Amino acid sequence: MKNIRILYFAFLMSMGITNAWSQDFKYNHPLEDVFAKGLQSLQKGDSAMAFEFIQSAYVLSPKSEEKGYHYIALLLELHKPNAATIAKQWLQNSKNDIYNSKIYFQLGRYYFNNKLDKETLEAYSHVSIDDLDNQQIIEMKFQQGYCYFKLGNWEQASKLLNNIRQVTNNKYFSDANYYAGFIALEKKDFKLALECFKICESNPDYSRL
């Protein structure tokens, strides 16, 4: 325990948290300061720095669901070693439905980026769209549609991809049109296929295709 306090104090000093440990710890709660700095870094988009702070806060307060949620989410976002295994262990013990739903979303993204289609769909099946913002919903639906496409379940893929096609100002608009067009072409729905391909024609990733 003494060694942990010494290491923690050294970490606080290296991060510029210079409140007198021996005099003010009781009142200033440096552990919460560390966590707050992590959240601030997260808001600025600096996930790597946020992880350093939040990991330290979580290690010293492992029963905090809020700290645990942010720690696990960052593990997955940054693709840290054994992130998926640690996340699933955490989910088994967490009683917070909203945090669980959000972690399953992050887990789904993690699996998708690692090209694990069945695992992606399994993780996303536990996500409530009530716990996501609009961009996250679009991302999840596209990734589900793409995974179903790869697995040959074109009915499910078509339904999800055509939903994404209804929202023109999203980052997956061209992608959704391409794969929806491919499915329409295979079904000999040439009118829909042509409509989809014309939309993604201007995208450099698809223009030659």
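## Close-up views of a predicted model

At 42% relative accessibility, Lys-187 counts as partly exposed. This residue opens the first view below. The model is predicted.

**View A. Lys-187 and Glu-155 meet in a salt bridge.** The N-to-O distance between the two side chains is 3.0 Å. Lys-187 sits in the loop between H11 and H12, and Glu-155 sits in helix H10, so the bridge ties together parts that are 32 residues apart in sequence. Glu-155 is exposed, at 54% relative accessible area. Ser-158 also belongs to helix H10, which spans residues 154-164. Leaving aside residues up to four places away in sequence, Ser-158 touches Ile-183 and Lys-187. Its relative accessibility is 15%, so Ser-158 counts as buried.

**View B. Arg-165 pairs with Glu-195.** The closest N and O atoms of this salt bridge are 3.1 Å apart. Arg-165 lies in the loop between H10 and H11, while Glu-195 lies in helix H12; the pair therefore ties together parts 30 residues apart in sequence. Is Arg-165 buried or exposed? Arg-165 counts as buried, with 10% relative accessibility. Glu-195 counts as partly exposed, at 41%.

**View C. Glu-139 forms a salt bridge with Arg-109.** Here the closest N and O atoms are 2.9 Å apart. Glu-139 is in helix H9 and Arg-109 is in helix H7, so this bridge joins parts 30 residues apart in sequence. Glu-139 counts as buried, at 12% relative accessibility. Arg-109 counts as partly exposed, at 27%. The structure has five salt bridges by the rule applied here. Side chains of opposite charge can pair when their charged atoms come close.

View D. H8 covers residues 117-124. Which of its residues are buried? They are Asp-117, Thr-120, Leu-121, Ala-123 and Tyr-124. These residues cover an arc of only 160° around the axis, which puts them on the same side of H8. An α-helix has 3.6 residues a turn, so residues three or four places apart point the same way.

**View E. Phe-51 and Tyr-71 form a stacked aromatic pair.** The whole structure holds 16 aromatic pairs. In this one, the ring centres are 5.8 Å apart, with 20° between the planes. The pair links distant parts of the chain, 20 residues apart: Phe-51 in helix H4 (residues 47-60) and Tyr-71 in helix H5 (residues 65-77). Phe-51 is buried, with a relative accessible area of 5%. Tyr-71 counts as buried too, at 12%.

**View F. Tyr-178 and Phe-197 form a tilted aromatic pair.** Their centres are 6.0 Å apart, and the planes make an angle of 50°. Tyr-178 is in helix H11 (residues 173-186), and Phe-197 is in helix H12 (residues 190-200). The two lie 19 residues apart, in distant parts of the chain. Tyr-178 counts as buried, at 16% relative accessibility. Phe-197 counts as partly exposed, at 26%. Both rings belong to a cluster linked by ring pairs. Among the other members are Phe-112, Phe-142, Trp-154 and Tyr-206.

**View G. Lys-67 lies over the face of Phe-35.** Lys-67 is 4.9 Å from the ring centre.

**View H. His-79 and Lys-188 have positive phi values.** Most residues other than glycine have a negative phi. What is phi of His-79? The value is near 55°. His-79 is found in the loop between H5 and H6, and is partly exposed at 34% relative accessible area. For Lys-188, phi is about 65°. Lys-188 is found in the loop between H11 and H12. This lysine is exposed, with a relative accessible area of 62%.

**View I. Asn-93 lies in helix H6.** The helix runs over residues 83-93. Asn-93 is exposed, at 61% relative accessible area. Its C-alpha atom is 9.9 Å from that of Glu-65, a residue 28 places away along the chain.

**View J. Residues 1-28 have a pLDDT below 50.** The chain as a whole averages 87, and 86% of the residues score at least 70. Where pLDDT is low, the predicted coordinates should not be read in detail.

Conventions: Residues are numbered from 1 along each chain as its sequence is written. This is a predicted model: local features need pLDDT of at least 70, side-chain atom pairs count only at pLDDT 80 or more; totals for chains, interfaces and linings use all residues. Side-chain values use heavy atoms; hydrogens and water are left out. Buried means under 20% relative accessible area, exposed over 50%, partly exposed in between (1.4 Å probe, protein chains only). Helices (H or I, at least four residues) and strands (E, at least two) are DSSP runs, numbered from the N terminus. The arc is that of the directions from the helix axis to the C-beta atoms. pLDDT is the predictor's confidence in each residue, from 0 to 100. Contact means heavy atoms within 4.5 Å. Rings of Phe, Tyr and Trp (its six-membered ring) pair if their centres lie within 6.5 Å; planes under 30 degrees apart count as stacked, over 60 as edge-to-face and the rest as tilted. A charge sits over a ring if NZ of Lys or CZ of Arg is within 6 Å of the ring centre and within 35 degrees of the ring normal. A salt bridge is a side-chain nitrogen of Lys or Arg within 4 Å of a carboxyl oxygen of Asp or Glu.
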